[in-house]
Amino acid sequence: MGLRLTPEELTELTTLTRPQAQGKWFHDMFGVFPPCDRRGPIVTASVVEKLLAKRYGVDKVPDPDLDRPQVKMVRKIRL
């Protein structure tokens with residue numbers, strides 16, 4: 001786990017200073033509402049990295065369909 005982002009880091013990431021606006025930014029960008037307190041959204045750097053990776057399609061989760069072998073039909077069977 002890690003430490004949460006500081007208010008300055010959140011401002012740098014979102015370009016917004018109000019905690020409510022930063023929470024809305026996370027929803028608009030990633031479709032999630034992070035838990036918030038009076039200091040703003042409670043997120044860590046690793047959470048932001050994972051959300052960005054998922055949004056831009058570079059997440060490290062393998063697609064199970066890619067591991068399937070390619071099947072070719074050798075001959076037709078007549079019934």
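# Exercises on a predicted model

Thr17 sits in the loop between H1 and H2.

**Exercise 1. The elements of the chain**

State how many helices and strands the chain has, and in which order the elements run.

Solution. Step 1: the count gives three helices and two strands. Step 2: read from the N terminus, the order of the elements is α-α-β-β-α. Step 3: for the chain of 79 residues, the buried share is 22%.

**Exercise 2. A backbone angle in the loop**

Solution. Step 1: most residues other than glycine have a negative phi. Step 2: Thr15 is not a glycine, yet its phi is positive, at about 65°.

**Exercise 3. Distances from the loop**

**Exercise 4. Packing of H1 and H2**

Describe how helix H1 packs with helix H2, and name the hand of the crossing.

Solution. Step 1: two packed helices are described by the angle between their axes and the distance between the axes. Step 2: helix H1 covers residues 7–14 and helix H2 covers residues 19–30; the angle between them is about 50° and their axes are 11 Å apart. Step 3: this angle makes H1 oblique to H2. Step 4: the crossing of H1 past H2 is left-handed.

**Exercise 5. A glycine in H2**

Solution. Step 1: Gly23 is part of helix H2. Step 2: the cut-off for buried is under 20% relative accessible area. Step 3: Gly23 has a relative accessible area of 7%, so Gly23 is buried. Step 4: along the chain Gly23 and Phe33 are 10 residues apart, while their C-alpha atoms are separated by 6.3 Å.

**Exercise 6. Salt bridges**

How many salt bridges does a search of the whole structure find, and which parts of the chain does the one between Asp37 and Arg4 tie together?

Solution. Step 1: the search of the whole structure gives two salt bridges. Step 2: in one of them, Asp37 pairs with Arg4, and the closest N and O atoms are 2.9 Å apart. Step 3: Asp37 is in strand E1 (residues 36–37) and Arg4 in the segment before H1, so this pair ties together parts that are 33 residues apart in sequence. Step 4: Asp37 is partly exposed, at a relative accessible area of 34%, and Arg4 is partly exposed too, at 22%. Step 5: a salt bridge also joins the side chains of Lys24 and Asp28, with an N to O distance of 2.8 Å. Step 6: Lys24 and Asp28 are four residues apart in helix H2, so about one helical turn separates them. Step 7: Lys24 has a relative accessible area of 48%, so Lys24 is partly exposed.

**Exercise 7. A nonpolar patch**

Which residues form a nonpolar patch on the surface, and where do Leu52 and Tyr56 lie?

Solution. Step 1: the patch consists of Leu52, Tyr56 and Val58, which together have about 300 Å² of accessible area. Step 2: Leu52 lies in helix H3 and is partly exposed, with a relative accessible area of 30%. Step 3: Tyr56 lies in the segment after helix H3 (45–55); its relative accessible area is 54%, so Tyr56 is exposed. Step 4: Leu52 is 23 residues from Met29 in sequence, and 9.0 Å from Met29 in space, C-alpha to C-alpha.

Terms used. Residues are numbered from 1 along each chain as its sequence is written. This is a predicted model: local features need pLDDT of at least 70, side-chain atom pairs count only at pLDDT 80 or more; totals for chains, interfaces and linings use all residues. Side-chain values use heavy atoms; hydrogens and water are left out. Patches are made of residues with over 30% relative accessible area and no salt bridge: like charges are joined within 9 Å, nonpolar side chains (Val, Leu, Ile, Met, Phe, Trp, Tyr) within 5 Å. Accessible areas come from the Shrake-Rupley method with a 1.4 Å probe; for residues, only the protein chains shown count as cover. A salt bridge is a side-chain nitrogen of Lys or Arg within 4 Å of a carboxyl oxygen of Asp or Glu. Buried means under 20% relative accessible area, exposed over 50%, partly exposed in between (1.4 Å probe, protein chains only). Axes are lines fitted to C-alpha atoms, for helices over the stretch in contact, and angles run from 0 to 180 degrees between N-to-C directions. Angles under 35 degrees count as roughly parallel, over 145 as roughly antiparallel, 65 to 115 as roughly perpendicular and the rest as oblique. A crossing is left-handed if the near helix is turned anticlockwise from the far one by less than a right angle, and right-handed if clockwise.
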